[in-house]
Amino acid sequence: MPEQIKSSDQFTWTYALWLLPFLGADWVYWLAPQWDWWTIDLIVFLATLIAMAGSLCFNLVLRRWRRVLSLLTAPLLLLVCLQLLAIAGITPDSVRFALTRQTYLAEIKRADPPEEGQRFRTFVWDDTFRHKTYSTLVYDESGEIALPKGAQTAAWQKRLQKFCSEKRKECATLDPGPNAFISVSKIGEHFYILDDSLPTAFP
């Protein structure tokens with residue numbers, strides 16, 4: 001029996017795969033936005049936590065120290081892999097945009113051309129958290145949305161005000177309030193993601 005336990009005590013990276021279902025929601029939730037992803041994330045998180053805690057206790061009882069070390073280092077390994085992918089430009093947002101870019105471009109082309117200035121459109125990018133939009137995909141031909149706050153031209157400000165007056169639900173703002181933090185990142189040619197930080201994501 002001791003020999004069997006010893007032979008089964010091997011270091012393995014496969015425990016990192018246990019975390020993939022929990023992280024997978026960030027990559028695929030937009031395929032079915034009508035689902036309750038907050039509840040799904042919670043259930044998957046609890047199931048993963050119980051499975052890893054149970055395995056950890058089981059291996060501790062059997063003194064499988066290499067297995068215990070594998071469990072403890074699995075999250076670190078996965079974080080390193082995700083960071084390397086991010087450095088290479090492969091993120092949930094970039095993959096999603098690559099797959100849906102033509103759909104957004106087609107919708108922009110179908111829209112009426114602007115009377116003056118350059119095209120400006122916004123699309124809901126992430127509203128899964130209690131039905132509140134805190135991540136918006138912005139198409140801005142001028143690129144001024146990426147400039148520091150206050151550096152936008154008067155013409156751009158006027159264009160944004162007109163856009164917001166016509167489409168309030170799709171309005172984008174660089175000044176959401178004192179308790180919010182706005183960040184803008186470029187994701188493609190003329191496309192940007194405007195993120196509204198979590199402090200204002202709670203309705």
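I began with Trp18, which is partly exposed at a relative accessible area of 34% (buried is under 20%, exposed over 50%, partly exposed in between, with a 1.4 Å probe and protein chains only). I kept in mind that this is a predicted model, in which local features need pLDDT of at least 70, side-chain atom pairs count only at pLDDT 80 or more, and totals for chains, interfaces and linings use all residues. Residues are numbered from 1 along each chain as its sequence is written, and side-chain values use heavy atoms, with hydrogens and water left out.

Next I looked up aromatic pairs (rings of Phe, Tyr and Trp, the last by its six-membered ring, with centres within 6.5 Å; planes under 30 degrees apart are stacked, over 60 edge-to-face, the rest tilted), and a search of the whole structure gave 8. Tyr15 and Trp18 are edge-to-face, because their ring centres lie 5.1 Å apart and their planes stand at 80°; Tyr15 counts as buried at 7% relative accessibility.

I then turned to Tyr104 and Phe123, a tilted pair with 4.8 Å centre to centre and 55° between the planes. Tyr104 lies in helix α5 (residues 92-110) and Phe123 in strand β1 (residues 120-126), so the pair ties together parts that are 19 residues apart in sequence; helices (H or I, at least four residues) and strands (E, at least two) are DSSP runs, numbered from the N terminus. Tyr104 is buried at 12%, and Phe123 is buried at 7%.

I also noted one aromatic cluster, formed by Phe97, Tyr139 and Phe191.
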